[in-house]
Amino acid sequence: AAAIGRFIASNNHNLRYLGITGLASIVADHPRYAAKHQLVVMDCLEDPDETLRRKTLELLHKMTNPVNVEMITGKMIEFLKGSNDEFLRKDLTFKITGIAERYAPSNEWYVQTMTTCFLNAGEFVQESTAHTVIRLIAEGSGGEDDEADEALRAEAVETFLDVIETEETKQYSNILIYVMAWVLGEYAYVLGGDALPEICDKLVDIGLLRSTDTMRKGYVMSGLTKLTAQLGGQPTPATLKFAKKYLHSRDTVLSQRCCAII
């Protein structure tokens, strides 16, 4: 490990690659040897050699533990945002979601991290990850701390409303809309009844995107149905117009949800 550290610190690309490869071979069985080289390994992500950067990402994934998960996940997300390589983006998304679920320091951090993945690589996020996020928000910590669970739900609602306010709509993947509509439909009440009509109208705006995508419209209608129930069964004008527009959709699920509103 000491010898390998000298290779990683070298200015020669080939020697650095050799060091990264060697450390990757050691870290699985002896993670303590890799820990002291963490900062030097991080520096390899700034190397202009793409092959070395990818090898470094592999090593960082193997080095992840509860102590460094936030730092390594942040680096991976930063790399994900700047990459146009579809294969690499898919692989990184899989790695990020895996280590975040395994080592998340808090439920709030996990929800925030997964939201970032939904925004930047939603097309590569597995459906099971979305279910995990939803289950976590619904069940909370699984203990008796109801106050903490409600705080998590309130933060999730605020997070997704912030996404609607600040992110470009073209970044909305279907899996993001699925989670966002579910969370807002279930827990938007934490902001108070006065906020519900505006949230309904924001969901309608999302549902009107991509006119041929009935799946996302179904997700939106599901959220709108729950919100309308919280409004005493009185849909907002925008919600009613949206429901009437897709009442006779060929998608039977969407049509049924629209019927429930009308």
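Reader: Why is arginine 153 called buried?

Author: Arginine 153 has a relative accessible area of 11%, and buried means under 20% relative accessible area, with exposed over 50% and partly exposed in between (1.4 Å probe, protein chains only); arginine 153 is therefore buried. The model is predicted, so local features need pLDDT of at least 70 and side-chain atom pairs count only at pLDDT 80 or more, while totals for chains, interfaces and linings use all residues. Residues are numbered from 1 along each chain as its sequence is written, and side-chain values use heavy atoms, without hydrogens and water.

Reader: What makes glutamate 150 and arginine 153 a salt bridge?

Author: A salt bridge is a side-chain nitrogen of Lys or Arg within 4 Å of a carboxyl oxygen of Asp or Glu. The N to O value for glutamate 150 and arginine 153 is 2.7 Å, so the pair meets the definition. Both residues belong to helix H10 (residues 146-166), three residues apart, and are thus separated by about one helical turn; helices are DSSP runs (H or I) of at least four residues, numbered from the N terminus.

Reader: What does the salt bridge between aspartate 47 and arginine 16 tie together?

Author: The closest N and O atoms of aspartate 47 and arginine 16 are 3.0 Å apart. Aspartate 47 lies in the loop between helix H4 (38-43) and helix H5 (50-63), and arginine 16 in helix H2 (residues 13-27), so the pair joins parts 31 residues apart in sequence. Both residues are buried.

Key
Helices (H or I, at least four residues) and strands (E, at least two) are DSSP runs, numbered from the N terminus.
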